[in-house]
Amino acid sequence: MADVLALDVGGTKIAAGLADADGTLVYTAVRPTRGDRDAEVVWAVVAELLDDVLAQAGGRVRAVGIGSAGPVDVNAGTVSPINIPGWRGFALRDRVAAAVPGVPVALGGDGVCMALGEHRHGAGRGTRSMLGMVVSTGVGGGLVLDGVPFHGRTGNAGHVGHVVVDPGGEACRCGGRGCVETVSSGPSMVRWALANGWTPAGPDADAKALGAAAEAGDPVALRAFRRGTDALAAMIASVAAVCDLNLVVIGGGVAKSGALLFDPLRAALSAYARLDFLTGLQVVPAELGGEAGLVGAAALAALR
């Protein structure tokens, strides 16, 4: 019998999987979210995945772990993902519990699950306190402090994409202004580059094309990346100082840029993180890729 059923709910895709007693994924299935549809259409995607995975498990698992895009409310068991407008206060934990009766169901934010997955089975193995981050269409994150996932009061601790790095900056989709996400996410870097004279070589004006241009030495593309990494470094230094971190693990589409992201980020961080107790703070690429959320959701369930 597989040990744990894991569910990872995002605005673009929903994934489900089975993890064995060691936390290793032994089966996964993925479906498009259909996030532009109403609540029950999105739930039907989840229900289909649950049926699929339970069939693979012979109908029996000992626990279920859910990582969901947020905001979440772990106390009420509800989720309100920004990119799934039909789910506002959606009782995801209770709906899953009804579909998989008789086993405990744990709910956490997707950033916490990503961080926990990397802490237990990825780039954060053996570290004490870390920030796990995803830099892609947005900037998300989660915290593991003293070896334990930190959820905060409602389950939304670690929303580092909304740390303000420019008080007079752009309006953010969260309703605030100057959040690091408005500078450092893939679409934000592309938008800035286009406004400052970057002309894509091909038909696509996206983060991948911007990265290729920067690799080729395009000065505007390079400035866009350096502007983004400088904002990330300022945010990381602030969060690390507050939480006394020793490691930051970064995944997501923009992180696939490799040295283009990590070299200037580390250089900028050395200028921002000057306190003695931050000496040795490391920033490394994630290891688990797109499976980090599922692995972390399984680990969250195993903590119950």
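Start with α6 and α7, whose crossing is left-handed. This is a predicted model, by the way.

To bring the pair up, select residues 207–215 for α6 and residues 219–243 for α7. Their axes come within 7 Å and cross at roughly 115°. Angles of 65 to 115 degrees count as roughly perpendicular, and α6 and α7 are therefore roughly perpendicular to each other.

Now show side chains where the two helices meet. On the α6 side, pick Leu210, Gly211, Ala213 and Ala214; on the α7 side, pick Ala221, Leu222, Ala224 and Phe225. Colour this contact by residue class and you'll get seven nonpolar residues, one polar and no charged ones.

Next stop, the sheet. Five strands make up an open, mixed sheet, and reading across you go β10-β9-β8-β11-β12. For the edges, select 148–150 (β10) and 282–285 (β12), each of which pairs on one side only.

Zoom in on the β10 end. Select residues 139–145 to get β9, which pairs with β10 in the antiparallel sense over three bridges. For a specific bridge, click Leu143: its partner in β10 is Phe150.

Notes:
Residues numbered from 1 in each chain as written. Predicted model: local features only at pLDDT ≥ 70, side-chain atom pairs only at ≥ 80, totals over all residues. Heavy atoms only, no water. Axes fitted to C-alpha atoms, helices over the stretch in contact; angles between N-to-C directions. Helix = DSSP H or I, 4+ residues; strand = E, 2+ residues; numbered from the N terminus. Parallel < 35°, antiparallel > 145°, perpendicular 65-115°, else oblique. Left-handed = near helix turned anticlockwise from the far one by under 90°. Contact = heavy atoms within 4.5 Å. Nonpolar A, V, L, I, M, F, W, Y, C, P; charged D, E, K, R; others polar. Pairing = 2+ DSSP bridges.
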